[in-house]
Amino acid sequence: MRIAVFASGRGTNFEKIADGIASGKIAGEIALLFTDKKGAPAVEKAKKRGIRVVYLSPSKFESRESYDKEIVKILKDAGVELVCLAGYMRIVTPSFVKAFENRIMNIHPSLLPAFPGLNVHRKALEYGVKFSGATVHFIDTGIDTGPIIIQAVVPVKPEDTPATLAKRILKWEHRIYPQAIKWFVEDRITINERKVTVKGASYDSLPVVPALEDF
């Protein structure tokens, strides 16, 4: 399966996806890394792995719609079947979502539907929650509102800062995202309205539901 990864920043989740493919756990290939930030660290990481990098400057397009229309064309020309947003800091348009319906995944550093959007860890700490975590979900036309595939739970400590909480959650992001992609590639994911089910997976144990199998 040909996969496109979108990143605007460090690209640590991109690396873990690429590692999962290189190890043979994920039966796919990264067709390209797409970025809206020319200097994103993810770009160098992709180049070192010999992965094609596509950069488009949003400022050269008259609208979000025209920008995403060009992206969709690039993806389809490359034979992309699954899109994985990994720290991509732009909201995709409904036309993009429609073009890859139920084939766009995202990783979010909270237990959705809690704390969508930006500044997630600060919001969690200010609210005083005792648990937070990470969520892999499909993209719909809302902001972090799509059907949930897998979630991981971490404790929130009294002494936590946004940085320390982010670091604790990131470790689980690096495990649940490749796992969700593997399930998708193996055609084990079914979607019924908002309910996502992974065939043969265990839903009985924390801190990750469905349970990790490969990562």
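**View 1. N13 and its surroundings.** Leaving out residues up to four places away in sequence, N13 touches A86, I107, L170, E173, H174 and Y177, where contact means heavy atoms within 4.5 Å. The model shown here and in the other views is predicted: local features need pLDDT of at least 70, side-chain atom pairs count only at pLDDT 80 or more, and totals for chains, interfaces and linings use all residues. Residues are numbered from 1 along each chain as its sequence is written, and side-chain values use heavy atoms, with hydrogens and water left out. N13 is part of helix α1; helices (H or I, at least four residues) and strands (E, at least two) are DSSP runs numbered from the N terminus. With a relative accessibility of 6%, N13 counts as buried (under 20% relative accessible area; exposed is over 50%, partly exposed in between, with a 1.4 Å probe and protein chains only).

**View 2. The buried residues of helix α1 and what covers them.** Besides N13, the buried residues of α1 are T12, F14, I17, A18, G20 and I21. The elements that cover these residues include the strands β1 (2-6), β2 (29-35), β4 (82-85) and β5 (104-108). Helices α2 and α6 also belong to this cover. Just after α1, G24 adopts a positive phi of about 90°.

**View 3. The packing of helices α1 and α2.** Helix α1 spans residues 12-22 and helix α2 residues 41-48; their axes lie 9 Å apart, at an angle of about 20°. Axes are lines fitted to C-alpha atoms, for helices over the stretch in contact, and angles run from 0 to 180 degrees between N-to-C directions. The angle makes α1 roughly parallel to α2 (under 35 degrees; over 145 is roughly antiparallel, 65 to 115 roughly perpendicular, the rest oblique). From α1, the residues T12, F14 and E15 make the contact, and from α2, A42, K45 and A46.

**View 4. The crossing of helices α5 and α6.** Helix α5 (residues 120-127) and helix α6 (residues 162-185) cross at roughly 110°, and their axes come within 9 Å. This angle makes α5 roughly perpendicular to α6. On the α5 side, the contact is formed by H121, R122, A124 and L125. On the α6 side, the partners are P162, L165, A166 and I169.

**View 5. The nonpolar cores.** The largest nonpolar core holds 45 residues; such a core is a set of buried Ala, Val, Leu, Ile, Met, Phe, Trp, Tyr and Cys residues joined through side-chain atoms within 4.5 Å. The residues with the most contacts inside this core are V5, M105, V136, I149, Y177, I181 and I189. Helix α6 gives the most to the core, with 9 residues. With neighbours within four places in sequence set aside, V136 is in contact with M105, N106, I107, I148, I149, I150, I176, Y177 and A180. A second, separate core of 24 residues includes I71, L85, F96 and A99.

**View 6. V196 in strand β9.** V196 belongs to strand β9, which covers residues 195-198. V196 is buried, its relative accessible area being 9%. Apart from residues up to four places away in sequence, V196 touches F138, P147, I148, I149, I189, T190, I191 and Y203.

**View 7. Two cis peptide bonds.** L206 and P207 are joined by a cis peptide bond with omega of about 15°. P207 is located in the loop between β9 and β10 (208-209). A cis bond also leads from V209 to P210, where omega is near -10°. P210 belongs to the segment after β10.

View 8. N102 is not a glycine, although its phi is positive, at about 60°. This residue sits in the loop between α4 (94-99) and β5. N102 counts as partly exposed, at 34% relative accessibility. N119, likewise a residue other than glycine, has a positive phi near 55°. The loop between β5 and α5 contains N119, which counts as partly exposed at 49% relative accessibility.
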